[in-house]
Amino acid sequence: MSSNPPRANLPELAPAVQHEVARLAASPEVRSAYNWFRTQEPQLLHWQMEMARIPAPPFGEAARAAWLAERFREVGLDDVRIDDVGNVFGTHPGFGRRYVALSAHIDTVFPANTPLNIRQQGSRIYGPGVSDNGAGVVAMLAIAHLLRSVRIRHALPFVFIGNVGEEGEGDLRGMRHIFSTPRWKDSIAYSLVLDGAGADTIVAEGLGSRRFEVIVRGPGGHSWSDFGVPNPIVILAKAIDTFAATTVPTVPKTTFNIGVIRGGTSMNSIPESASMKVDIRSTSMTEMERLEQSLRLALARAVEDETLAAEMRSLAQKRPAGVSGEVVVIGNRPAGELSSGAKILQVVRSVDAQLSNAAQVQRASTDANIPLSLGLEAIAIGGGGSGGGAHTLQEWFDSNGRELALKRILLTMLTLAGVGE
Ligand SMILES: [Zn+2]
């Protein structure tokens, strides 16, 4: 998850929703849930460390998925299963056909051979993935375990999902698959995504991104004897110069970055290829498409200019001047945003008011992008406690204060599900 500053102009909280949250929070069932959470912390830290010790690199989450399916069965969820791409599901019954989904990604950014030295010091644990997304998965397990241990009435059923493919090249493939399956696309009314630690943010806007590798190829040659053949590094440089002059709006915020550039073999060789990686981000699909168009045009123009120039030169030298440019899409996360009147945002903000929890509404790139891009109600929040060093070997998580997030998640789910009889 990567995030941006909060947005303004949030609507007033609806008194009816606030009233419902307050009523739930004062109910004996929710009170006993709070007490139950208090006794569970040793179990939660145990699960968190056990899970972090199972490697889950992008496209290699199977062992961790199997572990989670076992935990889902152990806590007593129904219909526990793993789908075609490796997402893990379990349900808890209710009344009504549509679900409230609670999900957490199970993949990490760490390659398969990363040493997973997971260790504990008091309330603090250390090691790759303990917080992102150990915190999210364990909070989800805590809620599932609670609902099967303490009787709490609610209407809509719940589906718990440990999904694959959130990080990097995973490109949200787990969520994409779920929301392209009619069974889930048409039956998940609300998606609550748990990503990382904390309880102080609400991601209500899906920051979209498109990532490209741009490759220019030419015949190559000797710097002296083949002088005049098109040079891919020169073409790429011209394309960058043109593309970088593209103007982008500040609202909706739109950015681009050329983050990696490669090419050539030696100082005295005309390179056979040169490439770059480009990252485009926006909360607006239209702006991302416009920038992509601008990138493709800049490349086409640079290739064409250099081809023409080489043809002019080759009239004298009689050399072929084959040169080509290619744009490969290596990442595509759709943008999307919650309407400011969305129920899920009203509910979580009312829950925060009830719990005196100060949280900021943000835009970020998370699993919530997928339902948001389909116009469905979704937010991403933290699994509680505190954490740091995400995506590094120095990652840590501290369970102090985890209860606040568990209460927040529970109240949000119950309010969204409505009252059961
Ligand atoms: Zn994450």
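1. How many bridges join strand β4 to β7, and do the two strands run parallel or antiparallel? In this predicted model, strand β4 (residues 99-105) is joined to β7 by 6 bridges, and the two strands run parallel. Two strands are said to pair if DSSP finds at least two bridges between them. Within this pairing, Leu102 stands opposite Phe160 in β7.

2. A note on the basis of the values. Residues are numbered from 1 along each chain as its sequence is written, and side-chain values use heavy atoms, with hydrogens and water left out. Because the model is predicted, local features need pLDDT of at least 70 and side-chain atom pairs count only at pLDDT 80 or more, while totals for chains, interfaces and linings use all residues.

3. The chain as a whole. The protein chain has 11 helices and 20 strands; helices (H or I, at least four residues) and strands (E, at least two) are DSSP runs, numbered from the N terminus. The C-alpha trace spans about 90 × 45 × 35 Å along its principal axes. Of the 421 residues in the protein chain, 55% are buried. Here buried means under 20% relative accessible area, exposed means over 50%, and partly exposed lies in between (1.4 Å probe, protein chains only).

4. Strand β7 and its surroundings. Strand β7 (residues 158-163) has 6 of its 6 residues buried, so it is largely enclosed by the rest of the structure. Phe158, Phe160 and Gly162 point one way from β7, whereas Val159, Ile161 and Asn163 point the other way; all are buried. Besides the pairing described in the opening point, β7 pairs with strand β3 (residues 88-92) in the antiparallel sense over 5 bridges. In that pairing, Val88 stands opposite Gly162 of β7.

5. The hairpin of β2 and β3. Strand β3 also pairs with strand β2 (residues 78-82), in the antiparallel sense and over 3 bridges. Asp78 has Thr91 as its bridge partner in β3. The two strands form a hairpin with 5 residues between them, and Gly86 in the turn has a positive phi of about 110 degrees.

6. Aromatic pairs. A pair of aromatic rings is described by the distance of the centres and the angle of the planes. Rings of Phe, Tyr and Trp (its six-membered ring) pair if their centres lie within 6.5 Å; planes under 30 degrees apart count as stacked, over 60 as edge-to-face and the rest as tilted. The structure holds 4 aromatic pairs. One of them, formed by Phe89 and Trp184, is stacked, at 5.1 Å centre to centre and with 5 degrees between the planes. Phe89 lies in strand β3 and Trp184 in helix α6 (residues 182-185), so this pair ties together parts that are 95 residues apart in sequence. Both Phe89 and Trp184 are buried. Ring pairs also link Phe89, Tyr99 and Trp184 into a cluster.

7. Charges over rings. A charge sits over a ring if NZ of Lys or CZ of Arg is within 6 Å of the ring centre and within 35 degrees of the ring normal. Arg124 lies over the face of Trp396, at 4.0 Å from the ring centre. Lys407 lies over the face of Tyr34, at 4.6 Å from the ring centre.

8. The second largest pocket. On a 1 Å grid over the protein atoms alone, a pocket is an open set of points with protein on both sides within 12 Å along at least five of seven lines, a cavity is a set where a 1.4 Å probe fits but cannot get out, and lining residues have an atom within 4 Å of a point. The second largest pocket has a volume of about 260 Å³, a volume being the space filled by probe spheres set on the points, which are joined across faces, edges and corners. Among the 16 residues that line this pocket, the closest to its centre are Arg211, Lys277, Val278, Asp279 and Ile330. Strand β15 gives the most to the lining, with 4 residues.

9. The largest cavity. A search of the whole structure finds 3 cavities of 30 Å³ or more. The largest cavity holds about 60 Å³ of space. Of its 13 lining residues, Pro55, Ala56, Thr108, Phe110 and Leu116 are the closest to its centre.

10. Two arginines. Arg148 is in helix α4 (residues 134-149) and is partly exposed, with a relative accessible area of 30%. Arg153 lies in the loop between α4 and β7 and is partly exposed, at 42%.
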